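Student: I have a new model open and would like to get my bearings. Can we walk through it together?
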Amino acid sequence: MPALLCMLANLALGGFFLASAGFKLVSPTLFIEQIGAFGLIWPSLIPPVAWGLIALELCAGLAVIANRRWGLWLVIGLLALFIPVLGYGVAIGLDISCGCLGRADLGSLPEAIVRDLLLLTLAGALLRTSRPVSPILKE
């Protein structure tokens with residue numbers, strides 16, 4: 001993948017995760033309610049889980065923009081968590097927005113799954129074209 005295309009893809013992917021975290025920071029109560037609607041987490045644990053996800057999304061977005069390989073792994077891990085949870089929401093007939101973009105997210109859960117699958121594909125392509133940092137061997 002050409003360097004300019006990689007840089008733009010990193011900006012797009014990292015920017016999405018930064019925007020996602022930013023929208024949640026604007027309205028954390030909404031995000032906490034959306035997580036609670038899935039019924040997968042004990043109510044007392046929902047606020048710390050919500051804040052943890054926001055922090056992870058911020059870290060992932062910044063790391064991907066900074067072209068850090070571990071940031072791509074973090075994005076892949078988050079998406080590997082989000083996609084099955086969204087699928088569960090579809091399976092139980094939950095009719096809410098996914099919470100990915102706070103109040104700005106007007107899409108349905110199936111639309112969010114498609115979006116996350118596309119983001120996962122982009123992260124995988126970036127990971128495949130990135131090179132791991134190898135330690136410098138001293139002689």
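Student: Is the crossing of α1 and α3 left-handed or right-handed?
Tutor: α1 and α3 cross in a left-handed way. Keep in mind that this is a predicted model.
Student: Which residues make that contact between α1 and α3?
Tutor: From α1, they include Leu11, Gly14, Phe17, Leu18 and Leu25. From α3, they include Trp51, Ile54, Leu58, Leu62 and Ile65.
Student: And how do the residues of the α1 contact with α3 divide by class?
Tutor: There are 12 nonpolar, 5 polar and 2 charged.
Student: What angle do α1 and α3 make?
Tutor: About 155°, and their axes lie 8 Å apart. That angle is why α1 counts as roughly antiparallel to α3.
Student: On to α2 and α3. At what angle do they pack?
Tutor: Helix α2, residues 28-38, packs against helix α3, residues 46-65, at about 115°. Their axes are 9 Å apart. So α2 is roughly perpendicular to α3.
Student: Which hand does the crossing of α2 and α3 have?
Tutor: Right-handed.
Student: Which residues of α2 and α3 meet?
Tutor: α2 brings Pro28, Phe31, Ile32, Ile35 and Gly36. α3 answers with Ile46, Pro47, Ala50, Trp51, Leu53 and Ile54. By class, the residues of this contact are 10 nonpolar and 1 polar, with no charged.
Student: What about α1 and α5, how are they set?
Tutor: They pack at about 140°, with axes 11 Å apart. α1 and α5 are therefore oblique to each other. Their crossing is left-handed.
Student: Which residues are in the contact of α1 with α5?
Tutor: α1 gives Cys6, Ala9, Asn10, Leu13 and Phe16. Among those from α5 are Arg115, Leu119, Leu122 and Leu126. The contact has 8 nonpolar, 2 polar and 1 charged residues.
Student: New topic, pockets. What volume does the largest pocket have?
Tutor: About 380 Å³.
Student: Which residues lie nearest the centre of the largest pocket?
Tutor: Phe31, Ile35, Leu53, Phe82 and Val85. They are part of a lining of 24 residues.
Student: Which helices supply the lining of the largest pocket?
Tutor: α1, α2, α3, α4 and α5 each supply at least two residues. α4 gives the largest share, 5 residues.
Student: Last one. What classes make up the lining of the largest pocket?
Tutor: It has 17 nonpolar, 3 polar and 4 charged residues.

Key:
Residues numbered from 1 in each chain as written. Predicted model: local features only at pLDDT ≥ 70, side-chain atom pairs only at ≥ 80, totals over all residues. Heavy atoms only, no water. Axes fitted to C-alpha atoms, helices over the stretch in contact; angles between N-to-C directions. Helix = DSSP H or I, 4+ residues; strand = E, 2+ residues; numbered from the N terminus. Parallel < 35°, antiparallel > 145°, perpendicular 65-115°, else oblique. Left-handed = near helix turned anticlockwise from the far one by under 90°. Contact = heavy atoms within 4.5 Å. Nonpolar A, V, L, I, M, F, W, Y, C, P; charged D, E, K, R; others polar. 1 Å grid on protein atoms, 1.4 Å probe; cavity = no way out; pocket = protein on both sides within 12 Å on 5 of 7 lines; lining within 4 Å. Points joined across faces, edges and corners; volume = space filled by probe spheres on them.
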